[in-house]
Amino acid sequence: MTIGFSSRAVRSTCVLCAAGLLTLMPAAAAARAERPDPGPAGGSRAAAPGKALLYRSGTQVRPRPGAPGVPEVSALSWVVADAGTGDVLAAHDAHRKLPPASTLKTLFALTVLPVLPGGIRHEVSADELSGIGPGSSLVGVIEGRTYRVSDLWNGVFLNSGNDAVHVLASLTGGWRATAARMQAEARALGAHDTHVRSPDGYDAPGQVSSAYDLAVFGRAGLRNPDFARYCAKVDAMFPGRNGGSYGIMNTNRLLTGADGVEPYPGLIGVKNGYTSNAGNTLIAAARRDGRTLVVTVMNPQEGGGHAVYEEARALLDWGFAAGGRVEPVGSLVPAAARPRPGPGAVPAAVATARPSREEPGWPETGAIVGVAGLGAGAVALVLRLKLVRADRT
């Protein structure tokens, strides 16, 4: 016996969201997305030269005496950044606009995680699984099966499941509304190269991002405890048919060491991706001696399918060796550029908080009052949701 929402309660929640908050969010998203870009984004430490460098073509690095040489990699675009300070240590065509593939799911998670508590249970409908692109990566979501939201997030982060993304998007206003909110989130984070057309990262005309923007998303994600926990998971159990379950493994081989790729010491996530149009893409973060680096690699041109991991490995090695030996060539926009949800990614003041064993901090009975933000123009929505007991499925 576990504690969760009934599917009726979840559907009621979605109706309220669609009628209230999520009706307002796309309009705000569109307004912010159409606002003229303020120009190159950078931190004060980088100063004007750093800003300019990140918009130049080719490899940008400012070595001090004794700095190691930047490794030669074949990716069309890449960035090495310090996740703590936001300093960009080196980059190659950082703002080149390229299709991101499933690394765009990091932006999806940044947008949706704060408004969907993991303890919610939801019965999947056929409509929610419609429109998934041919050849999509799937985790195996089944129509009529009831899932916890946390199961679906495992499917997104580990198996890159587009089916899980479709269901989660349906719970937060639908496909187009989610894309609009993702666009607004990108702009709020200072990621001006990203244009969202398909929230799961599936190739769509006009959908692009950049190595710089992906580094921004990776850094912001690591500052969200739920995001950081999901992206670091090596494996998990996923609900299957007839009440059973099966194991899934993270497709980030630099994390798992699968298929002959040596795992990187200290790796803590974040997300890989692939489509025939985008090639292989990767956001990787690793921690060593108190420093955390974020590396993005987009579409290596040599070395086959594993090149994205080996080139990320080389860039991480360089970044750790270059600590204190290079001047920043720019800066990532701080992840705390606007108010962010607190630990647990629950956008609500919990009125009764007897925690569930499976979802710490999530109430088993009573009601919650939710307030979801819209960045600078906050729109408050108060939801009163009835919590019910549901048998494990």
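Some ground rules. The model is predicted: local features need pLDDT of at least 70, side-chain atom pairs need 80 or more, and totals for chains, interfaces and linings use all residues. Residues are numbered from 1 along each chain as its sequence is written, and side-chain values use heavy atoms, leaving out hydrogens and water.

Let's start with the rings. The structure holds 7 aromatic pairs. Here, rings of Phe, Tyr and Trp (its six-membered ring) pair if their centres lie within 6.5 Å; planes under 30 degrees apart are stacked, over 60 edge-to-face, and the rest tilted. Take Trp153 and Phe157. Their ring centres are 6.1 Å apart and their planes meet at 50 degrees, so this pair is tilted. Both residues lie in helix H5, residues 149–157. Helices are DSSP runs of H or I with at least four residues, strands are E runs of at least two, and both are numbered from the N terminus. Trp153 and Phe157 are 4 residues apart, about one turn of the helix.

Are these two buried or exposed? Buried means under 20% relative accessible area, exposed over 50%, and partly exposed in between, with a 1.4 Å probe and protein chains only. Trp153 is buried at 0%. Phe157 is buried too, at 3%.

Phe157 has another partner. Its ring and that of Tyr230 have centres 5.5 Å apart and planes at 10 degrees, so they are stacked. Tyr230 sits in helix H9, residues 225–231, so the pair ties together parts 73 residues apart in sequence. Tyr230 is buried, with 3% relative accessible area. Ring pairs link Phe108, Trp153, Phe157, Phe227 and Tyr230 into a cluster.

Tyr230 also has a charge over its face. Arg229 lies there, 4.7 Å from the ring centre. The cut-offs are NZ of Lys or CZ of Arg within 6 Å of the centre and within 35 degrees of the ring normal. Likewise, the charged end of Arg145 sits over Tyr147, 5.8 Å from the ring centre.

Next, helix H11. It runs over residues 307–321 and has 15 residues. Of those, 11 are buried, so the rest of the structure largely encloses H11. Among the buried ones are Glu311, Arg313 and Trp318.

Last, Thr103. It lies in the loop between strand E4 (87–92) and helix H4 (105–112). Thr103 is buried, at 0% relative accessibility. What does Thr103 contact, leaving aside neighbours within four places in sequence? Its contacts (heavy atoms within 4.5 Å) include Leu214, Lys271 and Ile283.

Technical notes
The expected span of a helix is 1.5 Å times one less than its number of residues.
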